[in-house]
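Thanks for coming. Please look at the sequence and the structure on the screen before I start.

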Amino acid sequence: MKFCSQCGIQNEDTNEFCSNCGAAFQNQFQSQGQFQPQYTMPTPVINAEDPLKTKAMLALIFGAVGAVMLFFGYTSIISLGLAIAGLVLGGQARKQMPAEHPNRGMATAGYILSLIVVVLAAIVVVGAIACIGFMGCAGAGLFSEIIQSSM
Ligand SMILES: [Zn+2]
(Lines give C-alpha, C1' and ligand atoms only; values in the text may rest on other atoms or scores of the structure.)
Protein backbone atom coordinates (compact mmCIF):
# COMPACT_ATOMS: atom_id res chain seq x y z
CA MET A 1 0.00 0.00 0.00
CA LYS A 2 1.10 3.53 -0.62
CA PHE A 3 -0.26 6.89 0.26
CA CYS A 4 -0.95 9.68 -2.09
CA SER A 5 1.37 12.55 -1.35
CA GLN A 6 -1.25 15.03 -2.52
CA CYS A 7 -4.34 13.98 -0.59
CA GLY A 8 -3.05 11.23 1.74
CA ILE A 9 -5.51 8.61 0.58
CA GLN A 10 -4.34 5.01 0.68
CA ASN A 11 -3.88 3.45 -2.78
CA GLU A 12 -2.94 0.10 -4.16
CA ASP A 13 0.76 -0.29 -4.92
CA THR A 14 -0.12 -0.93 -8.53
CA ASN A 15 -2.03 2.34 -8.93
CA GLU A 16 -0.35 4.72 -11.27
CA PHE A 17 -2.71 7.51 -10.32
CA CYS A 18 -4.34 8.32 -7.02
CA SER A 19 -7.83 6.87 -6.93
CA ASN A 20 -9.01 9.95 -5.06
CA CYS A 21 -7.33 12.96 -6.62
CA GLY A 22 -5.70 11.54 -9.69
CA ALA A 23 -2.16 12.60 -8.83
CA ALA A 24 0.36 10.55 -10.79
CA PHE A 25 2.23 8.09 -8.57
CA GLN A 26 4.56 6.85 -11.21
CA ASN A 27 5.91 10.30 -11.86
CA GLN A 28 6.18 11.04 -8.18
CA PHE A 29 7.96 7.79 -7.58
CA GLN A 30 10.33 8.39 -10.41
CA SER A 31 11.04 11.93 -9.50
CA GLN A 32 11.52 11.01 -5.84
CA GLY A 33 13.36 7.75 -6.39
CA GLN A 34 15.70 9.10 -8.94
CA PHE A 35 16.18 12.40 -7.30
CA GLN A 36 19.70 12.82 -6.18
CA PRO A 37 20.94 16.12 -4.99
CA GLN A 38 22.67 17.50 -7.98
CA TYR A 39 25.86 19.00 -6.72
CA THR A 40 26.51 21.12 -9.70
CA MET A 41 30.15 21.91 -9.55
CA PRO A 42 30.56 25.64 -9.31
CA THR A 43 31.99 26.54 -12.62
CA PRO A 44 35.34 28.17 -12.04
CA VAL A 45 34.88 31.88 -12.43
CA ILE A 46 38.54 32.44 -13.03
CA ASN A 47 39.50 31.22 -16.44
CA ALA A 48 42.10 28.52 -16.25
CA GLU A 49 45.19 30.64 -16.44
CA ASP A 50 48.07 29.45 -18.49
CA PRO A 51 50.23 27.62 -15.91
CA LEU A 52 53.34 28.68 -17.78
CA LYS A 53 52.31 32.30 -17.58
CA THR A 54 51.70 31.85 -13.85
CA LYS A 55 55.16 30.32 -13.44
CA ALA A 56 56.74 33.15 -15.38
CA MET A 57 54.89 35.72 -13.29
CA LEU A 58 55.87 34.00 -10.04
CA ALA A 59 59.49 33.88 -11.17
CA LEU A 60 59.41 37.62 -11.80
CA ILE A 61 57.62 38.32 -8.50
CA PHE A 62 59.99 36.12 -6.49
CA GLY A 63 62.97 37.73 -8.15
CA ALA A 64 61.62 41.24 -7.55
CA VAL A 65 60.66 40.61 -3.92
CA GLY A 66 64.01 38.93 -3.38
CA ALA A 67 65.77 41.95 -4.87
CA VAL A 68 63.89 44.35 -2.59
CA MET A 69 64.61 42.22 0.47
CA LEU A 70 68.31 42.31 -0.34
CA PHE A 71 68.27 45.87 0.96
CA PHE A 72 67.22 44.70 4.40
CA GLY A 73 70.29 42.97 5.74
CA TYR A 74 68.61 40.35 7.88
CA THR A 75 66.25 39.19 5.16
CA SER A 76 68.95 38.32 2.64
CA ILE A 77 68.51 34.65 3.49
CA ILE A 78 64.83 35.02 2.52
CA SER A 79 65.96 36.77 -0.67
CA LEU A 80 68.11 33.78 -1.44
CA GLY A 81 65.20 31.37 -0.95
CA LEU A 82 62.80 33.47 -3.02
CA ALA A 83 65.32 33.97 -5.79
CA ILE A 84 66.10 30.24 -5.96
CA ALA A 85 62.35 29.58 -6.25
CA GLY A 86 62.15 32.25 -8.96
CA LEU A 87 65.11 30.73 -10.74
CA VAL A 88 63.54 27.27 -10.74
CA LEU A 89 60.12 28.52 -11.84
CA GLY A 90 61.53 30.85 -14.48
CA GLY A 91 63.77 28.09 -15.80
CA GLN A 92 60.88 25.62 -15.93
CA ALA A 93 58.62 28.11 -17.68
CA ARG A 94 61.31 28.91 -20.23
CA LYS A 95 61.95 25.25 -20.94
CA GLN A 96 58.27 24.37 -21.30
CA MET A 97 57.23 27.42 -23.29
CA PRO A 98 57.16 27.19 -27.02
CA ALA A 99 59.25 29.86 -28.73
CA GLU A 100 56.18 31.87 -29.72
CA HIS A 101 54.69 31.90 -26.23
CA PRO A 102 53.63 35.47 -25.40
CA ASN A 103 55.02 35.30 -21.86
CA ARG A 104 58.42 33.97 -22.76
CA GLY A 105 59.97 37.38 -22.20
CA MET A 106 58.47 37.52 -18.72
CA ALA A 107 59.84 34.07 -17.93
CA THR A 108 63.28 35.11 -19.14
CA ALA A 109 63.12 38.35 -17.17
CA GLY A 110 62.08 36.46 -14.04
CA TYR A 111 64.83 33.91 -14.59
CA ILE A 112 67.57 36.50 -15.09
CA LEU A 113 66.36 38.71 -12.24
CA SER A 114 66.22 35.70 -9.93
CA LEU A 115 69.68 34.62 -11.06
CA ILE A 116 71.12 38.05 -10.22
CA VAL A 117 69.37 38.07 -6.84
CA VAL A 118 70.61 34.53 -6.09
CA VAL A 119 74.21 35.63 -6.70
CA LEU A 120 73.87 38.86 -4.72
CA ALA A 121 71.97 37.21 -1.87
CA ALA A 122 74.51 34.39 -1.74
CA ILE A 123 77.33 36.94 -1.44
CA VAL A 124 75.46 38.81 1.31
CA VAL A 125 74.59 35.62 3.19
CA VAL A 126 78.09 34.18 2.91
CA GLY A 127 79.52 37.57 3.82
CA ALA A 128 77.27 37.82 6.85
CA ILE A 129 78.18 34.32 8.02
CA ALA A 130 81.89 35.05 7.48
CA CYS A 131 81.55 38.33 9.34
CA ILE A 132 79.77 36.69 12.29
CA GLY A 133 82.40 33.95 12.28
CA PHE A 134 85.22 36.43 12.22
CA MET A 135 83.76 38.51 15.02
CA GLY A 136 83.05 35.41 17.04
CA CYS A 137 86.50 33.89 16.68
CA ALA A 138 88.80 36.85 16.53
CA GLY A 139 86.75 39.24 18.57
CA ALA A 140 86.83 42.99 18.60
CA GLY A 141 89.76 43.06 21.05
CA LEU A 142 92.14 41.31 18.68
CA PHE A 143 91.03 43.62 15.91
CA SER A 144 91.79 46.70 17.96
CA GLU A 145 95.16 45.23 19.00
CA ILE A 146 96.16 44.90 15.39
CA ILE A 147 95.14 48.47 14.73
CA GLN A 148 97.05 49.71 17.78
CA SER A 149 100.21 47.73 16.95
CA SER A 150 100.23 49.05 13.45
CA MET A 151 100.11 52.63 14.65
ZN1 LIG B 1 -4.66 11.63 -4.04
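First, the ground rules. This is a predicted model, and local features need pLDDT of at least 70, side-chain atom pairs count only at pLDDT 80 or more, and totals for chains, interfaces and linings use all residues. Residues are numbered from 1 along each chain as its sequence is written.

The protein chain has five helices and two strands. In sequence order the pattern is β-β-α-α-α-α-α. Burial is next: 21% of the 151 residues count as buried. Buried means 20 or more other C-beta atoms within 10 Å of the residue's own, exposed means 12 or fewer, and partly exposed is in between, with C-beta atoms placed from the backbone. As for contacts, take those in the protein chain with a separation of 6 or more: residues 24 or more positions apart account for 54% of them. A contact here is two C-beta atoms, placed from the backbone, within 7 Å.

Now the helix pair. H3, with 21 residues, spans 30 Å, close to an expected 30 Å. The expected span is 1.5 Å times one less than the number of residues.

H2, residues 51-69, packs against H3, residues 76-96, at an angle of about 155°, and the axes are 7 Å apart. Axes are lines fitted to C-alpha atoms, for helices over the stretch in contact, and angles run from 0 to 180 degrees between N-to-C directions. H2 and H3 are therefore roughly antiparallel to each other; the scheme calls angles under 35 degrees roughly parallel, over 145 roughly antiparallel, 65 to 115 roughly perpendicular and the rest oblique. The crossing of H2 and H3 is left-handed, meaning that the near helix is turned anticlockwise from the far one by less than a right angle; clockwise would be right-handed.

Which residues make the contact? On H2 they include Leu52, Ala59, Phe62, Gly63 and Gly66, and on H3 they include Ser79, Leu82, Ala83, Gly86 and Gln96. By class, the contact has 13 nonpolar, seven polar and one charged residues. Nonpolar covers Ala, Val, Leu, Ile, Met, Phe, Trp, Tyr, Cys and Pro, charged covers Asp, Glu, Lys and Arg, and the others, Gly among them, are polar. Buried residues of H2 include Lys55, Phe62 and Met69, and those of H3 include Ser76, Leu87 and Ala93.

Ala83 is buried, because 30 other C-beta atoms lie within 10 Å. Leaving aside neighbours within four places in sequence, Ala83 is in contact with Phe62, Gly63, Gly66, Ser114, Val117, Val118 and Ala121. Its C-alpha is 9.1 Å from that of Val119, 36 residues apart in sequence.

Gln96 is also found in helix H3. Why does Gln96 count as partly exposed? Because it has 13 C-beta neighbours inside 10 Å. Gln96 and Leu52 are 44 residues apart in sequence, with 7.4 Å between their C-alpha atoms.

Ile112 sits in helix H4, residues 104-137. With 16 C-beta neighbours inside 10 Å, Ile112 is partly exposed. From Ile112 to Leu87 is 25 residues in sequence and 7.6 Å, C-alpha to C-alpha.

Last, Thr14 lies in the loop between strand E2 (10-11) and helix H1 (25-33). Thr14 has 7 C-beta neighbours inside 10 Å and so counts as exposed.

Key
Helices (H or I, at least four residues) and strands (E, at least two) are DSSP runs, numbered from the N terminus.
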